[in-house]
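Colleague: I am new to this structure and would like to go through its charged pairs. Could you show me the model?

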Amino acid sequence: MAKEKDIKTNAMRILEGLGIHFTHQAYECEEFIDGASTADKLGLPHEKVYKTLVTTGSSGNHFVFVIPIDEELDLKKAARAVGEKNVEMLPLKELTPLTGYIRGGCTSIGMKKQFPTRVEESAMLLDEMYISAGKVGAQICLAPDDLLKANGGEYADLIK
């Protein structure tokens, strides 16, 4: 595991600036791996590891959803949660230009622009959760309510 001074992401700087307590873990990763593989690599319980998904609504606005790694986003529930007629997944080629993050390193904290964000309501039952730290090879652990403070989000029913 890397020392804290070795890894400092924008998301970590934002959390520190907000006075939000978090820990982080680093892992070796040469290319994109999915959230389940990341959790297994770090020995983390899957139910505590969340992934960040970016969508486009029928209005053309963008929305961010944070859901457990083993779950699938219910696009109808997601659309209702943000007041849209429908939402669809953002094409991968648009992810980095829009958010500043790459696939496997996307987090809802510190995107180029703050988009409306919803976190799956099951996170409310957790003392802590793991999310990407904003780069491939790093995860942040923090309280779910602290994630909402940092990303300006709300809880919602989002999964199938």
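Modeller: Let us begin with Glu 16, which is partly exposed at 36% relative accessibility in this predicted model.

Colleague: Which residue forms a salt bridge with Glu 16?

Modeller: The partner is Lys 8, and the closest N and O atoms are 2.6 Å apart. Lys 8 counts as partly exposed, at 33% relative accessibility.

Colleague: How many salt bridges are found in the whole structure?

Modeller: A search of the whole structure gives six. Another of them joins the side chains of Lys 48 and Glu 128, at 3.6 Å from N to O.

Colleague: Where do Lys 48 and Glu 128 lie?

Modeller: Lys 48 is in the loop between helix 2 and strand 2, while Glu 128 is in the loop between strand 5 (117-120) and strand 6 (129-132), so the pair ties together parts 80 residues apart in sequence. Lys 48 is partly exposed, at 23%, and Glu 128 is partly exposed as well, at 28%.

Colleague: Is Asp 146 buried or exposed?

Modeller: Asp 146 counts as buried, because its relative accessibility is 16% and the cut-off for buried is under 20%. Lys 149, at 59%, is exposed.

Terms used:
Residues are numbered from 1 along each chain as its sequence is written. This is a predicted model: local features need pLDDT of at least 70, side-chain atom pairs count only at pLDDT 80 or more; totals for chains, interfaces and linings use all residues. Side-chain values use heavy atoms; hydrogens and water are left out. A salt bridge is a side-chain nitrogen of Lys or Arg within 4 Å of a carboxyl oxygen of Asp or Glu. Buried means under 20% relative accessible area, exposed over 50%, partly exposed in between (1.4 Å probe, protein chains only). Helices (H or I, at least four residues) and strands (E, at least two) are DSSP runs, numbered from the N terminus.
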